[in-house]
Amino acid sequence: MMKPTSIRIATVVALGAIAITTTVWAQQAPKPENQIRWRQSAFQVIALNTARIKASVDGSYNKDEVVKSASAIAALANTNLLTLFTPGTEAGKGWHDTTAKAELFKDTQRVAELNAAFTKEANELLRVAQAGDAAAVKEQHGKLARSCKSCHDDFRNAN
Ligand code: HEC
């Protein structure tokens, strides 16, 4: 048991840390190179997990592994990856030069629709994975993959 004073000190320290983090985030928008690196990383992790699900549905199905991968994809989609495409990040280098098309920053309504469709399919994939039917997961994985392609066709340069 912590003594009341230690609890008070711990609370003050924790609140202080939260306040500092919030202030730093609010005062300076993340640097363009960080935003580009983060979005490229997020998409790489998403791609890793879609590949794992594909391998599972095409090979010997492992429900637990599929649920883990589907959770990772849904979690990243639910952070709204469009928040990492702010004006000023149209060009530049993250891990490498961005492959986002300039149109992405102009046709914000269309990209928001495609992102919403992708997020919906990602959450549906997690729901279907938890239900456990391999054939349904295979079908939903296909829907998710088509939502990736729609956005890439319009807003990502082939590399
Ligand atoms: C709303 C649009 C959109 C959706 C949906 C989308 N992507 Fe992307 N993706 C992009 C853009 C834009 C880039 C380029 C990012 C950059 O280089 O700044 C990208 C980049 C990538 C990359 C390359 C990352 C790198 O290192 O450069 C991979 C891999 C990728 N996406 C996979 C996927 C997969 C898999 C899905 C679906 C499960 C998906 N994406 C859904 C827009 C999208």
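Reader: Okay, are helix 2 and helix 3 roughly parallel or roughly antiparallel to each other?
Author: Roughly antiparallel. Keep in mind that this is a predicted model. The axes of the two helices cross at roughly 150°, and angles over 145 count as roughly antiparallel, so that's the label they get.

Reader: Which hand does the crossing of helix 2 and helix 3 have?
Author: Helix 2 passes helix 3 in a left-handed crossing. On the helix 2 side, the residues making the contact include Ile46, Asn49 and Ile53. Helix 3 brings Val66, Ala70 and Ile73, among others.

Reader: How many residues does helix 2 have?
Author: It has 27, running over residues 32-58. From first C-alpha to last, helix 2 reaches 39 Å, close to the 39 Å expected at 1.5 Å a residue.

Reader: And which of its residues are buried?
Author: In helix 2 those are Gln35, Ile36, Ile46, Asn49, Thr50, Ile53, Ser56 and Val57. Their cover includes helix 3 and helix 5.

Reader: New topic: the largest nonpolar core. Which residues there touch the most other members?
Author: Ala70, Ile73, Ala122, Leu125 and Ala129, out of 23 residues in that core. Helices 2, 3, 4 and 5 are the elements that give two or more residues to this core.

Reader: Which helix gives the most?
Author: Helix 4, with eight residues.

Reader: What does Ala129 touch, then?
Author: Setting aside neighbours within four places in sequence, Ala129 is in contact with Val66, Val67, Ala70 and Val137.

Reader: How do helix 4 and helix 5 cross?
Author: Their axes come within 9 Å and cross at roughly 165°. That makes helix 4 roughly antiparallel to helix 5. This crossing is left-handed. Among the residues in the contact are Leu114, Phe118 and Ala129 of helix 4, and Val137, Leu144 and Phe155 of helix 5.

Reader: I also clicked on Ala100. Where is it?
Author: In the loop between helix 3 and helix 4.

Reader: Is Ala100 buried or exposed?
Author: Buried, because it has 21 C-beta neighbours inside 10 Å, and the cut-off for buried is 20 or more.

Reader: What does Ala100 touch?
Author: Leaving out residues up to four places away in sequence, Ala100 touches Phe85, Phe155 and Arg156. Ala100 and His152 are 52 residues apart in sequence, and their C-alpha atoms are 8.7 Å apart in space.

Notes. Residues numbered from 1 in each chain as written. Predicted model: local features only at pLDDT ≥ 70, side-chain atom pairs only at ≥ 80, totals over all residues. Helix = DSSP H or I, 4+ residues; strand = E, 2+ residues; numbered from the N terminus. Expected span 1.5 Å × (residues − 1). Buried ≥ 20, exposed ≤ 12 C-beta atoms within 10 Å, placed from the backbone. Contact = placed C-beta atoms within 7 Å. Core = buried A, V, L, I, M, F, W, Y, C linked by C-beta atoms within 7 Å. Axes fitted to C-alpha atoms, helices over the stretch in contact; angles between N-to-C directions. Parallel < 35°, antiparallel > 145°, perpendicular 65-115°, else oblique. Left-handed = near helix turned anticlockwise from the far one by under 90°.
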